[in-house]
Amino acid sequence: MSRLSKWWQLWQRTGMYLINGKVLCNDCAVKMLGIQNENAAEKARTLQPFLLPGNRG
Ligand SMILES: [Zn+2]
């Protein structure tokens, strides 16, 4: 749990996503995908495919 939440915090700070041809920050990506009410783990899972390559790992 702590490992995932740490990873998620880092992701929230640095994450950029490409969704429907638009580059979005974490907040906008969450809203675009309608996952505001999901927990952090579920958000991470849902956002993963959209993460821009430069931000992976
Ligand atoms: Zn944004």
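Trainee: What pLDDT does the chain average, and how many of the residues score at least 70?

Mentor: This is a predicted model, and the chain averages a pLDDT of 82, with 74% of the residues scoring at least 70. Where pLDDT is low, the predicted coordinates should not be read in detail. In the chain, confidence is lowest in helix H1, residues 2-14, at a mean of 66, whereas the highest value, 94, belongs to H3.

Trainee: Which pattern does the chain follow when it is read along the sequence?

Mentor: Along the sequence the pattern is α-β-β-α-α, and the chain accordingly has three helices and two strands.

Trainee: How many bridges join strand S1 to strand S2, and do the strands run parallel or antiparallel?

Mentor: Strand S1, residues 16-19, and strand S2, residues 22-25, run antiparallel and are joined by four bridges. To follow the pairing by eye, begin with Met-16, which stands opposite Cys-25 in S2, and then go to Ile-19, which stands opposite Lys-22 in S2.

Trainee: Which residue in the hairpin of S1 and S2 takes a positive phi?

Mentor: The hairpin has two residues between the strands, and Asn-20 is the one to inspect, with a positive phi near 50 degrees. Asn-20 takes this positive phi although it is not a glycine, and its place is in the loop between S1 and S2.

Trainee: Is Asn-20 buried or exposed, and why?

Mentor: The idea is to count the other C-beta atoms within 10 Å, a residue being exposed if there are 12 or fewer. Asn-20 counts as exposed because it has 8 C-beta neighbours inside 10 Å.

Trainee: Where is Leu-52 found, and which residues is it in contact with once its neighbours within four places in sequence are left aside?

Mentor: Leu-52 is found in the segment after helix H3, which spans 40-47. Leaving aside those sequence neighbours, Leu-52 is in contact with Met-16, Tyr-17 and Leu-18. For Leu-18, the C-alpha separation from Leu-52 is 6.1 Å, although the two residues are 34 apart along the chain. Even with these contacts, Leu-52 counts as exposed, because it has 12 C-beta neighbours inside 10 Å.

Trainee: What share of the residues of the chain count as buried, and what share of the contacts with a separation of 6 or more comes from residues 24 or more positions apart?

Mentor: These two values describe the chain as a whole. Of its 57 residues, 9% count as buried, while residues 24 or more positions apart account for 49% of the contacts with a separation of 6 or more.

How values were computed:
Residues are numbered from 1 along each chain as its sequence is written. This is a predicted model: local features need pLDDT of at least 70, side-chain atom pairs count only at pLDDT 80 or more; totals for chains, interfaces and linings use all residues. Two strands pair if DSSP finds at least two bridges between them. A residue is buried if 20 or more other C-beta atoms lie within 10 Å of its own, exposed if 12 or fewer, and partly exposed in between; C-beta atoms are placed from the backbone. Two residues are in contact if their C-beta atoms, placed from the backbone, lie within 7 Å. pLDDT is the predictor's confidence in each residue, from 0 to 100.
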